[in-house]
Amino acid sequence: MPPRPSLVVMVKDPRPGRVKTRLGRDIGMTRAAWWFRHQCRALLRRLDDPRWDLTLAVAPDHAGLQSRVWPAHLPRIPQGAGDLGDRMARALRSMPPGPTLIIGADIPGIQPAHIARAFRALGDHDAVFGPADDGGYWLVGLRHGARAPATLFQNVRWSTEHALADSMASLPGLSIALTDTLRDVDTVADLPPVPNRTA
């Protein structure tokens, strides 16, 4: 029987001034934290799917493991120390054998179909990335997450337009697929439009 796929969502405790600070500079830190909390809740509800095992990688470590914000039935692991690459590599290596995807929690457009397509791409590729509009990415996955190579995420220029290219370059010799392009939310301009209820 093939190993079950794992989906890891990177989440931060939604405290004002600790999450979505660029968005907070546009709309206020309390509103930004409120947005992130409700965005996470909706995302986790959509992606809690029987086709894969859903795990939360939480920060800060102790507070995140104890937090009542996140659904109690979902397993949690601490993100740990280091930059984003250190934390994602640690999460990948901590999962059971089998295909593993990691996503951020600040991408409103993610649907189960996007996750299913990314897992399908790992059927005949070693790695998969979901590009973002800004040169970064919203998803990374490995066919054998627990065996992530030592070079993974080395020399990546995070929070720049080079993040995706640098991350792909950190996987020399591996076959890499690209899946759907989605937009994350960094500023108020990235927020999805509010539906017009009077129309």
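Tryptophan 52 and phenylalanine 119 are both buried. Buried means under 20% relative accessible area, exposed over 50%, and partly exposed in between, with a 1.4 Å probe and protein chains only. Phenylalanine 153 and tryptophan 158 are buried too. This is a predicted model: local features need pLDDT of at least 70, side-chain atom pairs count only at pLDDT 80 or more, and totals for chains, interfaces and linings use all residues. Residues are numbered from 1 along each chain as its sequence is written, and side-chain values use heavy atoms, leaving out hydrogens and water.

The structure has four aromatic pairs. Rings of Phe, Tyr and Trp (its six-membered ring) pair if their centres lie within 6.5 Å; planes under 30 degrees apart are stacked, over 60 edge-to-face, and the rest tilted. Tryptophan 52 sits in the loop between α2 (29-47) and β2, and phenylalanine 119 in helix α5 (residues 112-121), so the pair ties together parts 67 residues apart in sequence. Helices (H or I, at least four residues) and strands (E, at least two) are DSSP runs, numbered from the N terminus. The rings of phenylalanine 153 and tryptophan 158 also have centres 5.8 Å apart, with planes at 55°, so this pair is tilted. Phe129, Tyr137, Phe153 and Trp158 make up one aromatic cluster.

Phenylalanine 153 belongs to the loop between β6 and α6. Its relative accessibility is 6%, so phenylalanine 153 counts as buried. Its phi is near 70°, a positive value in a residue other than glycine.

Serine 170 lies in the loop between α6 (163-169) and β7 (176-178). Serine 170 is buried as well, at 4% relative accessibility. A polar atom of its side chain lies 2.9 Å from the backbone nitrogen of phenylalanine 153. Beyond neighbours within four places in sequence, serine 170 is in contact (heavy atoms within 4.5 Å) with Thr151, Leu152, Phe153 and Gln154.

Most residues other than glycine have a negative phi, and most peptide bonds are trans. Lysine 20 has a positive phi of about 50°. Lysine 20 is in the loop between β1 and α1. With a relative accessible area of 14%, lysine 20 is buried.

The peptide bond from alanine 59 to proline 60 is cis, with omega near -10°. Proline 60 is in the loop between β2 (53-59) and α3 (61-66).

## Helix α4

Helix α4 covers residues 84-94; Gly85, Arg87, Met88, Ala89, Ala91 and Leu92 are buried there. Their cover includes β1 (6-12), β3 (76-78), β4 (100-104) and β6 (137-142). At the start of α4, a side-chain oxygen of aspartate 83 reaches to within 3.0 Å of the backbone nitrogen of glycine 85.

## The largest pocket

The largest pocket holds about 1,000 Å³ of space. Its lining has 33 residues, and Lys20, Leu84, Asp106, Asp184 and Asp186 lie nearest its centre. On a 1 Å grid over the protein atoms alone, a pocket is an open set of points where a 1.4 Å probe fits, with protein on both sides within 12 Å along at least five of seven lines; lining residues have an atom within 4 Å of a point.

β1, α1 (21-27), α4, β4 and β6 each supply at least two lining residues. The largest share, four residues, comes from β6.

Key. A polar contact is a pair of N or O atoms within 3.5 Å; within protein, one must be able to donate a hydrogen and the other to accept it, and residues adjacent in sequence count only if both atoms are side-chain atoms. Grid points are joined across faces, edges and corners, and a volume is the space filled by probe spheres set on the points.
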